[in-house]
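Trainee: Could you take me through the salt bridges of this model, pair by pair? I would like to hear where the partners sit and how accessible they are.

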Amino acid sequence: MLIAVTRPVSASIDRCELTYLGRQPIDLALARAQHAGYEEALTRLGARVVRLSGNDELPDATFVEDAAVVLDELAIVPVMGAPSRRPESAEVARCLGRFRPLRRLEPPGTLDGGDVVVAERTVYVGRTQRTDDAGIAQLRRVLEPHGYAVVRLVPTGCLHLKSACTYLGRRTVLANPQRVDVQAFEGMKVIEVAPEEPEAANAVGLAGTLVFPGDFPRTRERLEAEGFTVIPVEVSEIRKAEAAVSCMSLLFDADLPQG
């Protein structure tokens, strides 16, 4: 069974952490409606949505992707780069402990799940303002015994590596070549975003179907030309919080045995 862990949009989302975007008013009702549409799209992907309890004291809590890295063998709970976000981890860890053995990274190393792109047995990790070299080194020590190769990348002009690239399956990466060195994806096909849509490098994919923002039509055309089916979602209001579609869920197979 495919599980999608989500969390409601916080009433305090307009106080979210921001790094690259200027602060804008966020329409809470619209953001929550867009989040509901996103959950519906995950259901169309075949996922069972597991909704965590909301917490209006945690502005960024809906962006559950940053609070964990979930692989077939285990779930990793990092120390997130923004101190204000670290209380988010407890609820996410409690949920994931039902499905996977947990490993916790330790301070002072920091890492956000949004900086981690898993492509088969290669794990690309972004060195960003939220993820430091100590965090990457810890992740490498945890994953290499499980047969994963960890590759450090340095994205530019965006918050997380997943703002610059995402893995779509089929040995294919969607990427903005202005934000990440696409030569790092040797042996894989790279679909470049349309130049006029620099924010379009983030998608959630499963078995050739992608959940993808509805306001990037040129990049969508490129994806469909490569044989992907696209489920469009509206995330314009949530994007004001420096978010993307993958940020709002942790997607994994619950049928795999623990241990």
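Mentor: Let's start with Asp133, which is partly exposed at 39% relative accessible area (buried means under 20%, exposed over 50%, partly exposed in between, with a 1.4 Å probe and protein chains only). Its partner Arg127 is partly exposed too, at 29%, and the two side chains meet in a salt bridge with an N to O distance of 3.5 Å. The term stands for a side-chain nitrogen of Lys or Arg within 4 Å of a carboxyl oxygen of Asp or Glu.

A word on the basis: this is a predicted model, where local features need pLDDT of at least 70 and side-chain atom pairs count only at pLDDT 80 or more, while totals for chains, interfaces and linings use all residues. Residues are numbered from 1 along each chain as its sequence is written, and side-chain values use heavy atoms, leaving out hydrogens and water.

Next comes Asp215, whose salt bridge with Arg239 has its closest N and O atoms 2.9 Å apart. This pair links distant parts of the chain, 24 residues apart: Asp215 lies in the loop between strand 13 (209-213) and helix 4 (217-225), and Arg239 in helix 5 (residues 236-239). Helices (H or I, at least four residues) and strands (E, at least two) are DSSP runs, numbered from the N terminus. Asp215 is partly exposed at 33%, whereas Arg239 is buried at 19%.

Within helix 2 (residues 89-96), Arg94 and Glu91 are three residues apart, so about one helical turn separates them. Their closest N and O atoms are 2.8 Å apart; Arg94 is exposed at 56%, but Glu91 is buried at 19%.
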